[in-house]
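Trainee: Could you walk me through this one slowly? I am still new to reading structures.

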Amino acid sequence: MKVHPFINAEEIDRLNTTLAKKISSDYQNILAEKESLLVVITLKGALLFGADLIRKLTVPIHVDFVRLASYGAGIKSSGEVRFLKDIESSPEGKHILVLDEIIDSGRTWDFLRKRLGAANPKSLKICALLSKPSRREIEVTIDYLGREVEDKFLVGYGLDFNEDYRNLKEISYLE
Ligand code: IMP
Ligand code: MG
């Protein structure tokens, strides 16, 4: 398999800047005084996206993590979501923004939406850097989206193939 450049670091940074501006301006109005937005980063894939995006936010935030796995080995999703790590803070009464680097089948966000939503947050939204609409199995609404991509297997900027390529600065596709 060959690695083909797809989205370079400058474009990723532009997408993050646009997302962060919109999120900051929205939550500026939503958050009460002394209230923080709880940003939930989905490990491991959204590690780099999360680190870059939160540095661009201008509203007060707290950070927490979940870890799910929907992909087994290789490039095909196993179709089931395995829940490996929960957030450590209580979702109750919080404004929560989940960060995922890519929405594919929609299963991960559907699962998290239901799970976190059941714990009475004040609000619950998703921000994804990328989305592959042609791969959707469960219809989901993405509140903040960087851009749509065609159905290619992507690596880099947190995205892996059997744990390889996560640390690449740009996003490439494998073919
Ligand atoms: P979903 O549950 O099918 O929406 O998939 C969500 C997760 O699958 C993403 O957060 C990624 O971690 C992983 N994933 C989806 N597409 C790709 C890809 O093209 N390359 C690597 N990982 C991917
Ligand atoms: Mg992910």
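Trainee: To start with, is Glu101 buried or exposed?

Mentor: Glu101 is buried, with a relative accessible area of 10%, where buried means under 20%, exposed means over 50% and partly exposed lies in between, using a 1.4 Å probe and protein chains only. Before we go on, please keep in mind that this is a predicted model, in which local features need pLDDT of at least 70 and side-chain atom pairs count only at pLDDT 80 or more, while totals for chains, interfaces and linings use all residues. Residues are numbered from 1 along each chain as its sequence is written, chains are lettered from A and ligands numbered from 1 in the order in which they are written, and side-chain values use heavy atoms, with hydrogens and water left out.

Trainee: Which residues come nearest to ligand 1?

Mentor: Of the 17 residues around ligand 1, the nearest are Asp100, Ser105, Thr108, Lys132 and Leu154, and a residue is taken as near if one of its heavy atoms lies within 4 Å. By type, the shell holds 6 nonpolar, 4 polar and 7 charged residues; Ala, Val, Leu, Ile, Met, Phe, Trp, Tyr, Cys and Pro count as nonpolar, Asp, Glu, Lys and Arg as charged, and the others, Gly among them, as polar.

Trainee: How far is an oxygen atom of ligand 1 from the side chain of Thr108?

Mentor: An N or O atom in the Thr108 side chain is 2.5 Å from an oxygen atom of ligand 1. Taken alone, ligand 1 exposes 490 Å², and the protein buries 92% of that, with areas from the Shrake-Rupley method and a 1.4 Å probe. For Gly106, a backbone N or O atom lies 2.9 Å from an oxygen atom of the ligand.

Trainee: Which element gives the largest share of that shell?

Mentor: That is β5, with 4 residues. Helices (H or I, at least four residues) and strands (E, at least two) are DSSP runs, numbered from the N terminus.

Trainee: Changing topic, which residues touch the most other members of the largest nonpolar core?

Mentor: In that core of 29 residues, they are Ile23, Cys127, Leu130 and Ile171. A nonpolar core is a set of buried Ala, Val, Leu, Ile, Met, Phe, Trp, Tyr and Cys residues joined through side-chain atoms within 4.5 Å. The largest share of this core, 6 residues, comes from α1.

Trainee: Last one: which peptide bond is cis?

Mentor: The bond from Leu43 to Lys44 is cis, with omega near -5 degrees, and Lys44 is found in the loop between β2 and α2.

Note on methods: A polar contact is a pair of N or O atoms within 3.5 Å; within protein, one must be able to donate a hydrogen and the other to accept it, and residues adjacent in sequence count only if both atoms are side-chain atoms.
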